[in-house]
Amino acid sequence: MTPQDDERMIRAALDAAAAASDADVPVGAVLFDADGVELARAANAREASGDPTAHAEILALRAAARIHGDGWRLEGTTLAVTLEPCTMCAGALVLARVKRVVFGAWEPKTGAVGSLWDVVRDRRLTHRPEVRGGVLEDECAGLLESFFQDQR
Ligand SMILES: [Zn+2]
């Protein structure tokens with residue numbers, strides 16, 4: 001995968017974020033197979049579904065596992081998400097055996113892929129996804145900033 005592929009994937013995640021309800025923080029995630037073909041996409045739906053685990057990454061993993069190959073294993077896949085994943089999502093990405101994680105904006109308060117914790121690259125784990133953060137960072141952060149401005 002080239003840096004251009006990463007940008008294309010984050011653009012897809014930005015598209016996915018646009019599907020979030022008006023009450024939900026606009027975070028989007030898209031899972032791609034090893035050839036860069038989209039498997040599933042989702043937006044954060046915590047408010048819309050009243051589900052504390054309905055983060056975009058979790059919803060995209062669930063949807064992809066229903067259609068992709070070997071049951072729950074999502075080996076060889078890349079997850080692109082507009083915001084650095086939290087601890088729950090970082091843990092789920094490891095459990096799903098996602099190969100790469102590409103994200104847009106850093107989340108210094110709760111990020112678990114390099115900011116506050118680094119769950120996916122803990123050397124005690126046998127499966128450690130590769131990570132690239134800060135892809136189209138300004139666009140991804142801008143989407144969140146305008147959401148929180150409108151909330152005030
Ligand atoms: Zn999360």
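This is a predicted model: local features need pLDDT of at least 70, side-chain atom pairs count only at pLDDT 80 or more; totals for chains, interfaces and linings use all residues.
**Exercise 1.** Find the residue covered by the "active site" annotation and decide whether it is buried or exposed.

*Solution.* Start with the record: the unreviewed UniProt entry places its "active site" annotation on E57. Next, locate E57 in the fold; it belongs to helix 3, residues 56-67. Now count: 30 other C-beta atoms lie within 10 Å of E57. A residue is buried at 20 or more, so E57 is buried. Finally, look at its surroundings: beyond four places in sequence, E57 touches A29, L79, V81, P85, C89, A92 and L93.

**Exercise 2.** Work out which residues carry the "binding site" annotation and how they are arranged in space.

*Solution.* In the unreviewed UniProt entry, this annotation covers H55, C86 and C89.

**Exercise 3.** Take H55 and C86 in turn: where does each one lie, and what does each one touch?

*Solution.* Begin with H55, which sits in the loop between helix 2 (46-49) and helix 3. H55 is buried, because 25 other C-beta atoms are within 10 Å. Setting aside neighbours within four places in sequence, its contacts are N44, R46, C86, M88 and C89.

Move on to C86, in the loop between strand 3 (78-83) and helix 4 (87-95). With 22 other C-beta atoms within 10 Å, C86 is buried too. Outside four places in sequence, C86 touches H55, T110 and A112.

Conventions:
Residues are numbered from 1 along each chain as its sequence is written. UniProt positions are given in the numbering used here, feature names are shortened, and annotations may be inferred rather than shown by experiment. Helices (H or I, at least four residues) and strands (E, at least two) are DSSP runs, numbered from the N terminus. A residue is buried if 20 or more other C-beta atoms lie within 10 Å of its own, exposed if 12 or fewer, and partly exposed in between; C-beta atoms are placed from the backbone. Two residues are in contact if their C-beta atoms, placed from the backbone, lie within 7 Å.
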